[in-house]
Amino acid sequence: MKRCLSRLVTWIAVSCLLAVSNQAARAGIPSRGESDSPEGNLAILVNITNPVDNLSLPELRKVFLGERSHWPNGRRITLVMLEPGQPERKALIREVCQMTESDFSRHFLQGVFTGEVLVSPKILSSPAGARKFVFNVPGAIGFVRASDVDSSVKVIRVDGRLPGDKEYGLRIRPRVAE
Amino acid sequence: MVAQFSRYPSALLLLIVFGVEVGVGMFVIRDVRMAGIEAQQMYARSVLGLRQIGELQYETQETRRSTLYALTTNDSNLQVEYADQSREADRRVSGGITAYLQQARMPNEINVGHALQHDWSAYLAVRDEVLASILEGSAKEAVDMDLKGGVPSFERVREDLEEIKRLYDTQASEQLARVSASSRRSIVRLIGVVCFTLIFATFSVWAIQKSRMLGTVQLAKLQMDFVASISHELRTPLAVIRSAADNIADGVVEGKDQLAKYGSVIRNQSRQMTDLVNQILLFVSTREGRSHYILQPLEVPDVVNSVVENTAGLMREAGFEVEQHVEPNLPRVMGDLFALSRCLQNLLVNATKYGGQTRWVGIRAFREKTGHLGHGEVSISVQDRGIGIDKSDLPHIFEPFYRSPSVRDAQIHGTGLGLPLARSIAEAMGGRLTVESKLGAGSVFTLHLPSARDASRPVASSALGRDVVARK
């Protein structure tokens, strides 16, 4: 009887652990391995002719919030965004702009109205489209998953780090608290 | 040439016509092949080239068209698609230009190819800026840029492509002209050679007919001459015999002595007629290959003596002195005694006919040092110091029925068969008969015979005799 009871307890415990794990996965909480891999990083793209190689996170935030209009070489900055709901966009707004989607939308609506926002973002439906846009426009800046990058565009460093570097700060899924 | 035609006229004519036709055929085939190759080259270089340039024109327009389509929408996704299409088209254009430059050979082709490459690069630089402006949302800026830079550079590209088309057109025209010239050349050659063949064939037929006609006329003339000679040769002794017979019948002849004299005349004239008829029959049988000789080793002095004895009466009557010289220790010769006697007798008779006033005949037998028949050759020559033979007559004296005009004019009787018969006999014995003569100084006829030591060699025989006569 005791043996049967202990087996039942063990089964319930295992089931509970599996259920919690699945819940976490559905909620977008990455496992440790995924969040550390380069594929899980967000790459910031610029045109291959753009002389900028590195931006700090605050500079990057300014760019994506439309507070900078031109690159150092004089080219007009064109923001390339993915459509709302895509994980890369969520990650950028969360990690770079440190906003929610609604805050971000409101910022641009308000900024365009007041004239504080100098750049209107272009909305692309796919990472491939975003990459091609950056390839075609010398002043464009966009973002895609690190695994979607190819040689037609240039990935810039953020705070001196590239996707795949250990301390790279831009991850598609939020960091799980240690 | 006429003689050659008369020998194998049809075969020769056919061979020549066949050769000419083969030559014509080869010319025509070569020209047709050249025309075909040139036509293929024309197709490969001009028609295919024009098609490639047409495709290039389409792709350049596609590049520009796709770029401008991006202006028609504000949707960035669509604009990116149009930009993609434009870049795909421009890659095809660049590939086409590279292929054109690789196959360009002429300097003007290479120059215009490089110009096109340069102008296309210039247009693409503008196109990239225009595309960037469109994607950035600056449509006005894009249009301005296209009007200022894109349109002129694209126009230059279009002109370059038109220039290439003109080059291809020019090349096609030149190649077409070459093909036409080649065809014309072929036709002219064909007509020329056909005309030549016709003329040549006509001339050949005419020459053959003429040769045959001449041969026939000549043969008829010789035969007429022969008949006349024979008639004359027969009529003279017949007249003598008839006259003698008339005298005897009319009782003009008195006494035994006179009767014997008349009998002798009749016998001599009859013998002369018999000899003549025998000679004709012998010639005919030799010519038809019916002569049969019995070859055996003969002593040369016996042969010479036999001939001299046979002709002693004739020589005596004609008042000729015969000088005879036979080298001692001569080898025996292979031959037929009767035939050799006949041969030498003919030569001696001729010597009396044409010996002139010196009335001298020399007959000499000697060993030949370097003869045609080898070291065993023995020669028997009959020499006179008479009228000699003209150089122009020498090649003909051994032809049957031939008689020199000068001899005929001099009323020297003969049949024209003696020398041909003598030569036939010499050749049938495995020997030969030669002549050396100088007009007004006399002639030397030499009979060359193989010695009996060379009897193992296939020399005189009845079969060979027939063969030799037949060849004659």
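Predicted model: local features only at pLDDT ≥ 70, side-chain atom pairs only at ≥ 80, totals over all residues.
## Confidence

For the complex, the predictor gives an ipTM of 0.74 and a pTM of 0.52. The mean pLDDT of chain B is 83, and 92% of its residues score at least 70. Among the elements of chain B, the highest mean pLDDT, 93, belongs to helix α4(B), residues 107-136. The lowest, 34, belongs to helix α12(B), residues 462-471.

## Fold of chain A

Chain A contains six helices and seven strands. Their order along the sequence is α-α-β-β-α-β-α-α-β-α-β-β-β. Chain A has 178 residues, of which 32% count as buried. Of the contacts in chain A with a separation of 6 or more, 70% are between residues 24 or more positions apart.

## Contact between the chains

Chain A contributes 13 residues to the contact and chain B contributes nine residues. On the side of chain A that touches chain B, the elements giving two or more residues are β4(A), residues 122-124, and α6(A), residues 127-136. The largest share of that side, four residues, comes from α6(A). By class, the side of chain A that touches chain B holds five nonpolar, five polar and three charged residues.

## Helices α4 and α5 of chain B

Helix α4(B) packs against helix α5(B), which spans residues 139-249. Their axes come within 8 Å and cross at roughly 160°. Angles over 145 degrees count as roughly antiparallel, and α4(B) and α5(B) are therefore roughly antiparallel to each other. The crossing of α4(B) past α5(B) is left-handed. Sorted by class, the contact of α4(B) with α5(B) has 17 nonpolar, five polar and nine charged residues.

## Helices α7 and α9 of chain B

A second pair in chain B is formed by helix α7(B), residues 300-310, and helix α9(B), residues 337-354, whose axes come within 9 Å and cross at roughly 55°. That angle makes α7(B) oblique to α9(B). The crossing of the two helices, α7(B) and α9(B), is right-handed. From α7(B), the residues B:Val303, B:Ser306, B:Val307 and B:Asn310 meet B:Leu337, B:Leu340, B:Ser341, B:Leu344, B:Gln345 and B:Leu348 of α9(B). The contact of α7(B) with α9(B) has six nonpolar, four polar and no charged residues.

B:Ser306, in helix α7 of chain B, illustrates this pairing at the level of one residue. Leaving aside neighbours within four places in sequence, B:Ser306 is in contact with B:Leu337 and B:Ser341. B:Ser306 and B:Gln345 lie 39 residues apart in sequence, and their C-alpha atoms are 9.5 Å apart. B:Ser306 has 17 other C-beta atoms within 10 Å and is partly exposed.

## Helix α11 of chain B

The buried residues in α11(B) are B:Gly418, B:Leu419, B:Pro420, B:Leu421, B:Ala422, B:Arg423, B:Ser424, B:Ile425, B:Ala426 and B:Ala428. After α11(B) comes B:Gly430, with a positive phi near 85°.

## Positive phi in chain A

Most residues other than glycine have a negative phi. A:Gln98 has a positive phi, near 55°, and is not a glycine. A:Gln98 sits in the loop between α4(A), residues 87-97, and α5(A), residues 101-114. With 12 other C-beta atoms within 10 Å, A:Gln98 is exposed.

A:Asp159 likewise has a positive phi, of about 55°, although it is not a glycine. A:Asp159 falls in the segment after β7(A), residues 157-158. The count for A:Asp159 is 16 C-beta neighbours inside 10 Å, and A:Asp159 is classed as partly exposed.

How values were computed. Residues numbered from 1 in each chain as written. Chains lettered and ligands numbered in written order. Contact = placed C-beta atoms within 7 Å. Nonpolar A, V, L, I, M, F, W, Y, C, P; charged D, E, K, R; others polar. pLDDT = per-residue confidence, 0-100. Buried ≥ 20, exposed ≤ 12 C-beta atoms within 10 Å, placed from the backbone. Axes fitted to C-alpha atoms, helices over the stretch in contact; angles between N-to-C directions. Parallel < 35°, antiparallel > 145°, perpendicular 65-115°, else oblique. Left-handed = near helix turned anticlockwise from the far one by under 90°.
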